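Please look through the following structure together with its sequence. The report below takes up a few local features in turn.

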Amino acid sequence: MEKIAFVFPGQGSQKVGMGRAVAETNESAKAIFDEADKRLEQSLSALIFEGSQEELTKTTNAQPALLTTGVALLQGLQEAGIKPDYTAGHSLGEYTALVASGVMTFSDAVYAVRKRGEFMEEAVPNGEGTMAAILGFDREQLMQVTESVTQAGNAVQLANLNCPGQIVISGTVQGVENASALAKEQGAKRVLPLQVSGPFHSELMKSAAEKFATVLKDIEIKNAQIPVIANVTAAPIKASEDIEQKLIEQLYSPVLWEDSIEKMIELGVDTFIEIGPGKVLSGLIRKINRDVKTFSVQDPESCQQTIDALKENFS
């Protein structure tokens with residue numbers, strides 16, 4: 001029997017105008033945008049639909065904006081009766097997955113990710129931390145490179161293990177520069193410095209994680225109705241206390257995306273539906289395994305196309 005996974009993108013996929021079409025055509029989707037505005041006490045929806053890209057890209061805005069758009073787009077699939085066997089999200093996207101799996105309400109999630117973004121911004125002074133994508137280089141070898149640079153006094157570590165040959169490193173500016181140079185010397189094909197406001201998913205985020213733990217304590221976290229594949233372990237998770245702990249660790253731990261996709265395939269998933277703007281995750285999934293089916297739900301039209309294709313496949 002074929003199994004379905006819903007997957008949700010993280011920061012970097014945001015774009016002005018995302019979700020507008022679904023808000024205009026689906027009442028339950030519009031209600032999600034209205035709920036975000038109410039809980040955050042600002043017009044997040046106006047920023048998403050017509051704001052400046054620069055303002056939308058700020059971590060404190062991008063995180064709640066992507067979560068809101070993802071949950072709004074989810075409404076059409078849910079109304080069509082399409083249920084996943086597993087959910088997963090890339091970094092920030094894990095929160096959209098948790099809403100889809102019934103772990104937290106959308107209202108609590110949008111508040112939580114706004115606070116998460118604030119704490120991540122505050123954790124390291126601007127300009128002191130950064131990230132870079134290392135392409136065409138072995139995972140184990142890159143781990144050795146980052147460990148040697150860190151031991152020499154400049155903190156850097158693996159941050160996002162996205163797919164074979166694409167790993168993001170994160171740390172101090174000097175640490176990332178030194179590790180990037182060393183990786184190139186040892187045969188990495190390309191190094192792409194990323195335009196980010198901080199060293200996300202590195203040990204430098206531990207202060208943000210400590211603050212964020214207090215926010216999670218005030219939110220009701222339930223057992224997952226649908227197993228979520230955790231970024232930190234690439235394993236299914238259902239118990240509320242485990243989920244809470246992994247969300248804290250997620251801030252300073254690598255996102256094991258390649259491993260998460262491999263795990264879902266091992267568990268029988270052969271259909272992945274990316275819900276949110278862009279097709280970043282669909283592209284990564286195809287690089288991990290070309291035999292699985294991928295769909296992208298970005299607007300009412302692509303949602304309907306996905307529903308039609310699934311009904312054909314599963315009828």
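Which residue forms a salt bridge with Lys-263?

## Basis of the report

This is a predicted model, in which local features need pLDDT of at least 70 and side-chain atom pairs count only at pLDDT 80 or more, while totals for chains, interfaces and linings use all residues. Residues are numbered from 1 along each chain as its sequence is written, and side-chain values use heavy atoms, with hydrogens and water left out.

## Salt bridges

The partner of Lys-263 is Glu-266, with the closest N and O atoms 3.2 Å apart; a salt bridge here is a side-chain nitrogen of Lys or Arg within 4 Å of a carboxyl oxygen of Asp or Glu. Both residues lie in helix H12 (residues 257–266), 3 residues apart, which is about one turn of the helix. Helices (H or I, at least four residues) and strands (E, at least two) are DSSP runs, numbered from the N terminus. Glu-266 counts as exposed at 61% relative accessibility, whereas Lys-263 is partly exposed, with a relative accessible area of 24%. In these terms, buried means under 20% relative accessible area, exposed means over 50%, and partly exposed lies in between (1.4 Å probe, protein chains only).

Another salt bridge joins Asp-108 and Arg-39, whose closest N and O atoms are 2.9 Å apart. This pair links distant parts of the chain, since Asp-108 is in helix H7 (residues 106–123) and Arg-39 is in helix H2 (residues 27–40), 69 residues apart. Asp-108 counts as buried at 16% relative accessibility, and Arg-39 as partly exposed at 29%.

## An enclosed strand and its partners

Strand E3 (residues 129–135) has 7 of its 7 residues buried, so it is largely enclosed by the rest of the structure.

E3 pairs in the antiparallel sense with strand E5 (residues 166–172) over 7 bridges, where two strands pair if DSSP finds at least two bridges between them. Within this pairing, Leu-135 stands opposite Gln-166, and Ala-132 stands opposite Ile-169. E3 also pairs in the antiparallel sense with strand E6 (residues 190–193), over 4 bridges, and there Ile-134 has Val-191 as its bridge partner.
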